[in-house]
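Hi,

Here's the structure I promised to pass on to you. Have a look around it first, then read my notes below.

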Amino acid sequence: MALSIIEAAKIAANNGEFKKAGVLASFAESSPLLRAMPIVTIPGNSYAYARQAELPTVAYRAVNQGFTPSEGKLEIRTEALKLVGGEVDVDRALVQQMGADVRSVHEQMKSIALGQTIGANIVKGSVAADSNGFDGLKVRYGGGGSAANPVASSQIIANATQGALSLKSLDAAIDAVDKSIGRRYIVCNQATRRNITAFLRTSSQITVTRDDYGNQVYSYAGLDMLELDQNGNTQASAAFGDTGSTDSLYVVALGEGGLHMIQGAGGISVRDLGEIPTAPVFRTRIDWACGLVDAHVRCVARLFNFTNATAVA
């Protein structure tokens, strides 16, 4: 069964794992995409699954005639769990002077950086750049071209022109994602969201709500826009940076049958190692075995080749 980060945080708190609950809560607050992402716990350290590649054919028949048999084609894929995390050291003197809460402050900062990094890597991750990580959507949906210069296909939609984002092209990307396999979202950076809302400022196509943390959430055509603009200390990390000063956005269907994350048994590990013997510091270790699965051929669509300009019809 898939759980969200917020649901996992509540379970950890109910089990008395308060450090783990705090880390998960910081994850949820730091990355809108990670907060919305379903997470499935798997046995072992990898996940093999069959993804639809081609549907079988069907036909009409005459009376007393048979059908010609046909079978669909499946694509067998495997996703390995990747280890991500970090350690936080807080000097014993700081704990004595400021109290034990100072450790919580540093643990929260580490958690925020980790959540932002994983959220950004869901889009920008590349095994070629970091063999210990996983490939994100930018690499997976390059269509045979490079991650920054994709080739158009049924799930990789070229903007109408190399210029301002075309909402007609965005609608085509939305239509390319099967709404029956999970809730659909638009994943973009803040500049892209501003360009869409600037054009539709007075339109009913744009609605604004607030999330659990009081942040504004913009929706286009009923799809929440999940903004990714932070990666630790790097701002605008998800200005996805395609060829020729152009950009991409992604329409995703999140669910067990669509785009989701996987994790190892026990979920994220948050361990208080106490004062270590080699230095006068208290250490906390955060470790998560996780991976990314795009389980359906129509769970992601990429819209590329638009510039940083107010959207057009």
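Predicted model: local features only at pLDDT ≥ 70, side-chain atom pairs only at ≥ 80, totals over all residues.

**What I found**

Let's start with N64, which is exposed, with a relative accessible area of 77%. Here exposed means over 50% relative accessible area, buried means under 20%, and partly exposed is anything in between, using a 1.4 Å probe and protein chains only. N64 sits in the loop between β3 (46-54) and β4 (73-80).

Residues are numbered from 1 along each chain as its sequence is written, and side-chain values use heavy atoms, leaving out hydrogens and water.

**The overall picture**

The protein has eight helices and 17 strands. Its C-alpha trace spans about 85 × 50 × 35 Å along the principal axes. Of its 313 residues, 46% are buried. A contact means heavy atoms within 4.5 Å. Among the contacts with a separation of 6 or more, 74% are between residues 24 or more positions apart.

Why did I pick out N64? Most residues other than glycine have a negative phi. N64 isn't a glycine, yet its phi is positive, about 70°. A221 is another case: its phi is near 55°, again positive in a residue other than glycine. You'll find A221 in the loop between β9 (216-220) and β10 (223-227), and at 37% relative accessibility it counts as partly exposed.

**The cores**

Which residues touch the most other members of the largest nonpolar core? They are L170, I186, Y220 and M261, in a core of 63 residues. (A nonpolar core is a set of buried Ala, Val, Leu, Ile, Met, Phe, Trp, Tyr and Cys residues joined through side-chain atoms within 4.5 Å.) Strand β13 (residues 247-254) gives this core its largest share, six residues. Click on I186 and, leaving aside neighbours within four places in sequence, you'll see contacts with residues including L170, I174, Y220, L249 and V251. There's another core apart from that one, with eight residues, among them V40, I42, L81 and I262.

**Aromatic pairs**

I count two aromatic pairs. Rings of Phe, Tyr and Trp (for Trp, the six-membered ring) pair if their centres lie within 6.5 Å; planes under 30 degrees apart are stacked, over 60 edge-to-face, and the rest tilted. F27 and W288 make a tilted pair, 5.8 Å centre to centre with 50° between the planes. F27 is in helix α2 (residues 18-30) and W288 in strand β16 (residues 281-294), so this pair ties together parts that are 261 residues apart in sequence. F27 is buried at 0% relative accessible area, and W288 is buried at 1%. Y47 and Y49 form a stacked pair, 5.4 Å centre to centre and 20° between the planes. Y47 is partly exposed at 27%, while Y49 is buried at 8%.

**Two helices crossing**

How do you describe two packed helices? You give the angle between their axes and the distance between the axes. The axes of α2 and helix α5 (residues 101-124) come within 8 Å and cross at roughly 45°. Those axes are lines fitted to C-alpha atoms, for helices over the stretch in contact, with angles from 0 to 180 degrees between N-to-C directions. The two helices, α2 and α5, are therefore oblique to each other: under 35 degrees is roughly parallel, over 145 roughly antiparallel, 65 to 115 roughly perpendicular, and the rest oblique. On the α2 side, the contact includes F27, along with K19 and V23; on the α5 side, E107 and I118 are among the residues involved.

**One last residue**

T307 comes in the segment after β17 (300-306) and is partly exposed at 24%. In sequence T307 and T246 are 61 residues apart, but in space they are 4.7 Å apart, C-alpha to C-alpha. Not counting residues up to four places away, T307 touches G163, A164, N195, S245 and T246.

Cheers

Notes
Helix = DSSP H or I, 4+ residues; strand = E, 2+ residues; numbered from the N terminus.
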